[in-house]
Amino acid sequence: MARRPVPPSPSPRAPAPASKPAARRDRQATRSVDVREWASGIRLSAFSVIMLSLVVLGAWVLVPTMGTFIDQRQKIAALEASIQVSHDEIAALEKERERWNDPAYITTQARERLYYVKPGEVVYLVDNDLDPAALPREQEPVSDTLEEKPADWMPQLLRTLTAAGLSQTAVPAQ
């Protein structure tokens, strides 16, 4: 048969209507907990003590082992990623090697990189063929002085909050 919980017993001292300092002292007296009473209510059997000590011992043994395991798993994952990068690089180099076996690719590379021409061909090399407006500008030197720009952030914050609160993005309930 199931046991019913026992209702809490009424406190032996009911606070009597008194002046404010006396009522405050009574509340503090009822709030204080006697540690000896609380500790005497704890009953531990030998089985509970043994099981608790086994749990603590298991945690003491397993925590460093788990840390080592996690570190090793992270190293393994990093090494697997580096292996994958190496495989990708190998595949790219093999593809490049296959391209160099093609005579048309070799001819194209010789023309572009080394400016080789076939006998009888005339090559025109044009320097500065870009529009001056299209050329990249030179970067201006970085200033040594600190410039303070007036920034009033409060109105911007209020505008943002108002816009977020008044937005009509919510879906109406059907």
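Okay, quick one today. When I say two residues meet, I'm talking about contact, meaning heavy atoms within 4.5 Å. And keep in mind that what we're looking at is a predicted model.

So, with that in hand, let's go to helices α3 and α4. α3 covers residues 46-100, and α4 covers residues 103-114. On the α3 side we've got Glu 96, Arg 99 and Trp 100, and they meet Tyr 105, Ile 106, Gln 109 and Arg 113 in α4. Sorted by class, that contact has 3 nonpolar, 1 polar and 3 charged residues.

How do the two helices pack? The angle is about 95°, and the axes are 8 Å apart. Angles of 65 to 115 degrees count as roughly perpendicular, and α3 and α4 are therefore roughly perpendicular to each other.

Back to two of those α3 residues. Glu 96 makes a salt bridge with Arg 99, with the closest N and O atoms 3.4 Å apart. They're 3 residues apart in α3, so about one helical turn separates them. The count for the model is 2 salt bridges.

Last thing, the surface. There's a nonpolar patch there, made up of Phe 47, Ile 50, Met 51, Leu 54, Leu 57, Trp 60, Val 61, Leu 62, Met 66, Phe 69 and Ile 70. Together they have about 1,200 Å² of accessible area.

Notes:
Residues numbered from 1 in each chain as written. Predicted model: local features only at pLDDT ≥ 70, side-chain atom pairs only at ≥ 80, totals over all residues. Heavy atoms only, no water. Patch = residues over 30% accessible without salt bridge, like charges linked within 9 Å, V, L, I, M, F, W, Y side chains within 5 Å. Areas by Shrake-Rupley, 256 points an atom, 1.4 Å probe, with all protein chains shown as cover. Salt bridge = Lys/Arg side-chain N within 4 Å of Asp/Glu carboxyl O. Helix = DSSP H or I, 4+ residues; strand = E, 2+ residues; numbered from the N terminus. Axes fitted to C-alpha atoms, helices over the stretch in contact; angles between N-to-C directions. Parallel < 35°, antiparallel > 145°, perpendicular 65-115°, else oblique. Nonpolar A, V, L, I, M, F, W, Y, C, P; charged D, E, K, R; others polar.
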